[in-house]
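Colleague: I would like to learn how to read helix packing and domain contacts from a model. Can we go through one case step by step?

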Amino acid sequence: MSEANQEVAQEAQVEEKSSPKVFYGDIVGNGLWKQNPGLVQLLGLCPTLAMTVSLVNGFSLGVMTAVVMAASNASVAPIRQWVPTEIRIPVFILIIAALVTIIDLSMHAYLQSLHAVLGIFIPLIVTNCIVLARVEAFAAKNPVVPSALDGFMMGFGLSLVLATLGGIREIIGKGTLFSGIDLVFGPSAKSMILTIIPDYHGFLLAILPPGAFIGLASLIATRNWLAQRKAAREAAMSVAPQLATH
Amino acid sequence: MSRSPYLTSAPSVSVIMIKVLLALLPAVAAYVWVFGPSILVMLILASITALSAEALMLKLRNRPIKPFLMDGSALLTAWLLALSLPPLAPWWLVVVGTFFAIVIAKQLYGGLGYNPFNPAMVGYAVLLISFPVIMTHWPAPIELAQAKLSFANQLEYIFGASNSMNLDAVSMATPLDYLKTQLTLHHSVQDIVSAAQFGLLGAKGGELIVGAYLIGGLYLLQQRLITWHLPIAFLAVLALMAGAFYLADPTRFANPLFHLFTGASMLGAFFIITDPVSGPTTPKGKLVFAAGIAVLTYLIRVYGGYPDGVAFSVLLMNMCVPLIDAWTQPRVFGHQK
């Protein structure tokens, strides 16, 4: 492959990775920070806002979503050449729905109490726009392994946001952390629940929907502030050597 | 006789705010008379929190601190919020409410002049939703209280570690609250209002404070800091609404005077809904806005889950202000409709 070709591929790497050279580091970086679904793409906001009343709830739903995303990306990528463009959305949705049904039924079988808490939001992963967005934007154009990694890292990035938001809301709202962890690891895990603020009145607003909006807005603001600070520092670094040479 | 030209400059923001604070002083005095001096502590707490939060946010936003801090708008928000809280509320309640009002409801939207919602009412709604038990426990007025609290006792309530336990001993259901709970037990209004906490028009003791708000409001009208549209439309529609229901069934609905002289009606009419930032600007729009608040307040009081509804009504109507303003633009002279 010529150098010019590689440059073009590098430029278009975010949208399309048709070239055999795949940047795994970029996929991880995009999922966790640069293109984070919860904080930058703002996709999948319904579970982000609704299910983050506690750290355990938020993180569990996030992990389920990540598993679905990795599996759906991995299943769509090998058949991407044979799916006609005109009907690709229904085909993708059917694949995602089948995978979500598997997750839903397995959770019902093995994590019954957590399944009861998360409830309707597990089947609703099908309609979560981040899943279809990654299938459409990445898996439909890339080989299997990078697609699966992209799906999982995007889902994991979302899980971290859900966990952070859930943790913040739980501490401010109830003064505890990891409440409900016994739903995942069994009743013996109850001792892992931390009481951060003893004798706490409980700040209900953080648990109620406004708390989700205010909390998510604060997280987005913090991320933007960090990104801006980094950009400003990089700009200063790139100017400094030029000044030195002149 | 003064000479021409008869030009006057519009009063500055700080002059307006100081006059509004002045108009609140009779009510503060009435508060001290009815509930004891604890309200002064709460006013000081709220003022300190509001000024520190305002200064902090102005610094974070790279705005000049001194001119915005001296305009008194943060102080007014703090006072209005403190006057809406139960006078023996714990100190952190005042601090959290004021902080929320200034930081989130005012400064994050862009500071004075840009906030779409009334900051004091946002703070109040946040506290009412988050801490319903403390927010609905009002102390009994001194003349009705079984145990007379000294100022030191009151300070213990405000700064004590966990006072929600023993608040029951000194608190008493407010008339609006009592009326609501007794009506669900199928007592008639006539029987209910013979209870000790009911006074001549509204709440025993409370009606003094309401009267003081009325005096302060009339001072604001006389100083032309507010126009008649908002308070008159609010009180008239509230009275009409209550009157219609009262005439239909006097055993189930309290009389209109009771609704005017209890709860936050007077405070709302003259000091809350007249906020020039979050309210409409056209005269016709002000009438619509105030009428909407009155209707919602009455509905929440009678059919809603909370004893009083002024705060929620104000916030709901704040949301409608852009629409109201757009629909009630006065016709420009010489233009056809």
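Colleague: Is the crossing of H1(B) and H4(B) left-handed or right-handed?

Modeller: This is a predicted model. The crossing of H1(B) and H4(B) is left-handed. The residues that make the contact are Val13(B), Met17(B), Val20(B), Leu21(B), Leu24(B) and Ala27(B) on H1(B), with Ser73(B), Leu75(B), Leu76(B), Trp79(B) and Leu83(B) on H4(B). Sorted by class, they are 10 nonpolar, 1 polar and no charged residues.

Colleague: At what angle do helix H1 and helix H4 of chain B pack, and how far apart are their axes?

Modeller: Two packed helices are described by the angle between their axes and by the distance between those axes. Here H1 (residues 13–35) and H4 (residues 73–84) of chain B pack at about 20 degrees, and their axes are 9 Å apart. Angles under 35 degrees count as roughly parallel, so H1(B) and H4(B) are roughly parallel to each other.

Colleague: Which angle do the axes of H6(B) and H17(B) make where they cross?

Modeller: The axes of H6(B) and H17(B), the latter covering residues 310–327, cross at roughly 125 degrees and come within 9 Å. H6(B) is therefore oblique to H17(B). The crossing of H6(B) and H17(B) is left-handed. From H6(B), the contact takes in Met121(B), Val122(B), Tyr124(B), Ala125(B) and Leu128(B); from H17(B), Ala311(B), Phe312(B), Val314(B) and Leu315(B). By class this contact has 9 nonpolar, no polar and no charged residues.

Colleague: Which domains does the domain assignment give for chain B?

Modeller: The assignment gives domain 1 as 11–172 and domain 2 as 173–328. Taken over C-alpha atoms, the centres of these two domains of chain B are separated by 21 Å. Across the boundary, 33 residues of domain 1 are in contact with 31 residues of domain 2.

Colleague: Which helix gives the most to the side of domain 1 of chain B that touches domain 2 of chain B?

Modeller: H1(B) gives the most to that side, with 12 residues. H1, H4 and H6 (119–130) of chain B each supply at least two residues there. The class count for that side of domain 1 is 26 nonpolar, 5 polar and 2 charged residues.

Colleague: Now a single residue. Is Ala82(B) buried or exposed?

Modeller: The test is a neighbour count, and a residue is buried if 20 or more other C-beta atoms lie within 10 Å of its own. Ala82(B) has 28 other C-beta atoms within 10 Å, so Ala82(B) is buried. Ala82(B) is found in helix H4 of chain B. Leaving out residues up to four places away in sequence, Ala82(B) touches Met42(B), Leu43(B), Ala46(B) and Val94(B). Ile104(B) is 22 residues from Ala82(B) along the chain, and their C-alpha atoms are separated by 17 Å.

Colleague: How many residues of chain B are in contact with chain A?

Modeller: 6 residues of chain B are in contact with 7 residues of chain A. On the chain B side, the largest share, 3 residues, comes from H6(B). By class, that side has 4 nonpolar, 2 polar and no charged residues.

Colleague: How many helices and strands does chain A have?

Modeller: Chain A has 12 helices and 2 strands. From the N terminus on, its elements run α-α-α-α-α-α-α-α-α-β-α-β-α-α. Of the 246 residues of chain A, 37% count as buried. Among contacts in chain A between residues at least 6 apart in sequence, 77% join residues at least 24 apart.

Note on methods. Residues numbered from 1 in each chain as written. Chains lettered and ligands numbered in written order. Predicted model: local features only at pLDDT ≥ 70, side-chain atom pairs only at ≥ 80, totals over all residues. Axes fitted to C-alpha atoms, helices over the stretch in contact; angles between N-to-C directions. Helix = DSSP H or I, 4+ residues; strand = E, 2+ residues; numbered from the N terminus. Parallel < 35°, antiparallel > 145°, perpendicular 65-115°, else oblique. Left-handed = near helix turned anticlockwise from the far one by under 90°. Contact = placed C-beta atoms within 7 Å. Nonpolar A, V, L, I, M, F, W, Y, C, P; charged D, E, K, R; others polar. Domains from an automatic or database assignment. Buried ≥ 20, exposed ≤ 12 C-beta atoms within 10 Å, placed from the backbone.
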